[in-house]
Amino acid sequence: MNPFTYGGIVEGKDFCNRLREFEDISRSMKNAERLFVYAERRMGKTSLVLRAAKSLSPAFYLPIYIDLWATSDERTFAEAFARAVTMASETRVSKILDAAKTFFGRFSPALTVDSSGKPVLKFEAGNIPISERDLVEILSIPERLAKKKRRNVVIIFDEFQRIADYGDDTLERQLRSIIQHHKHVSYIFLGSRRHVIHKLFLNSRSPLYRSAGHYPLEMISLADWKPFIVEKFRRTGKKIGSGVIASLVTLTEGHPFYTQHLAHTLWDSTPIGKEATEKNLSAALETVLSREHYGYSSAWELLTPTQRRLLLALSDAAYPAIPLFSTEFARTFNFRSVSTVQRAIASLMEKDFIDQSGDRFIILDRFFKRWLQRVAGSQ
Ligand SMILES: Nc1ncnc2c1ncn2[C@@H]1O[C@H](COP(=O)(O)OP(=O)(O)OP(=O)(O)O)[C@@H](O)[C@H]1O
Ligand SMILES: [Mg+2]
């Protein structure tokens, strides 16, 4: 069996390092702090925070994980929140409805079972627009719950950037004013679209400005990948040397998802009992890029010529040394003006092709970046 997994949450032996981050986040959870953990997509935010939450002693802590991915407004937020709080606070099926009634009675909870027999909590009042008062009441529950259960509650909001699309800032305002009074609740916010998150937490006009500590999640280093990858090859009867691992991690920039993905494909292209070579690695990259080719070229077709040229420029090894919004950049990569570059950046960011990292712009999909370098090479 291939020992490398990508996509989805990783735990146990599939989880590489992040010891310091694990300690930092666990400590915030235990100290009832508010922390905002952010990184690019698929950097391992969810895996890391769930790992920290699982390590907490259930006798003292009650972690509640709320995925906001599918929410689109205050009402869907309230429903996701109420459901997660109820299901986490009561594990016995017979008690779920009682728990929901205790805290969310106003929203007419009802319990049904799905086709697999799993309990599903619904709120009959779900179609009624939610008032600001309702929101205040709901957001006050974690502290009440902590007192009732005599355990510290840890609220994890995953995909928190969603709330930037809710239409107005009611929720942000209420969150800020309510959670600052909570003494027995830790709030961990996870977010991925860096520029949206900056708007939410770093913009001085935003209600959540400075309401939580900041914790950017970085790449996993080569030194940490090495033992992880070596061990997985060894355990499955194959070998890999430091040199090939270094080449692999250079290709993926140490990004967890792309590193696992490429390692997975490299493992496949290495014969049983043999050591992975640079040639196997090239073959693995080839396999990945050819699998993705259709998707990448379809995306490419939909871009304007300026956007395409900008992507090629950002994938160019010369880019990081030249400031993006400078006449030198425009001149080097043949753009009419700095404002042309600015417009193209804004649209590529909106389409999630790129994001800002410090003062640099990065192509999010590390394989797409390699694909672009090939396009550039063939022009
Ligand atoms: N600590 C880690 N060790 C090894 N692989 C990891 C680690 N963290 C993440 N990964 C890899 O990255 C993938 C994505 O992880 P995860 O879903 O936790 O990231 P995420 O940042 O929450 O992603 P998304 O932005 O899609 O929500 C995993 O399936 C795994 O392949
Ligand atoms: Mg996630």
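User: What radius of gyration does the protein have, and what would a compact globule with 379 residues have?
Analyst: This is a predicted model, in which local features need pLDDT of at least 70 and side-chain atom pairs count only at pLDDT 80 or more, while totals for chains, interfaces and linings use all residues. Residues are numbered from 1 along each chain as its sequence is written, and side-chain values use heavy atoms, with hydrogens and water left out. The radius of gyration is taken over C-alpha atoms, and the globule rule is 2.2 Å times the number of residues to the power 0.38. For 379 residues a compact globule would come near 21 Å, which agrees with the protein's value of 24 Å.

User: What percentage of the residues of the protein count as buried?
Analyst: Buried means under 20% relative accessible area, exposed over 50%, and partly exposed in between (1.4 Å probe, protein chains only). Among the 379 residues, the buried share is 50%.

User: How many helices and strands are there in the protein?
Analyst: Helices (H or I, at least four residues) and strands (E, at least two) are DSSP runs, numbered from the N terminus. The protein has 16 helices and 11 strands.

User: Are helices H3 and H5 roughly parallel or roughly antiparallel to each other?
Analyst: Axes are lines fitted to C-alpha atoms, for helices over the stretch in contact, and angles run from 0 to 180 degrees between N-to-C directions. The axes of H3 (residues 74–89) and H5 (residues 132–139) come within 11 Å and cross at roughly 25°. Angles under 35 degrees count as roughly parallel, over 145 as roughly antiparallel, 65 to 115 as roughly perpendicular and the rest as oblique. H3 and H5 are therefore roughly parallel.

User: Which residues make the contact of H3 and H5?
Analyst: Contact means heavy atoms within 4.5 Å. H3 contributes Glu74, Phe77, Ala78 and Phe81, and H5 contributes Leu135, Ile138 and Leu139.

User: Where is Asn17, and what is its phi?
Analyst: Most residues other than glycine have a negative phi. Asn17 lies in the segment before helix H1 (19–30). Although Asn17 is not a glycine, its phi is positive, at about 45°.

User: What relative accessibility does Asp352 have?
Analyst: Asp352 sits in the loop between helix H15 (338–350) and strand E10 (354–357). Its phi is positive, near 70°, in a residue other than glycine. Asp352 counts as partly exposed because its relative accessibility is 37%.

Note on methods. Chains are lettered from A and ligands numbered from 1 in the order in which they are written.
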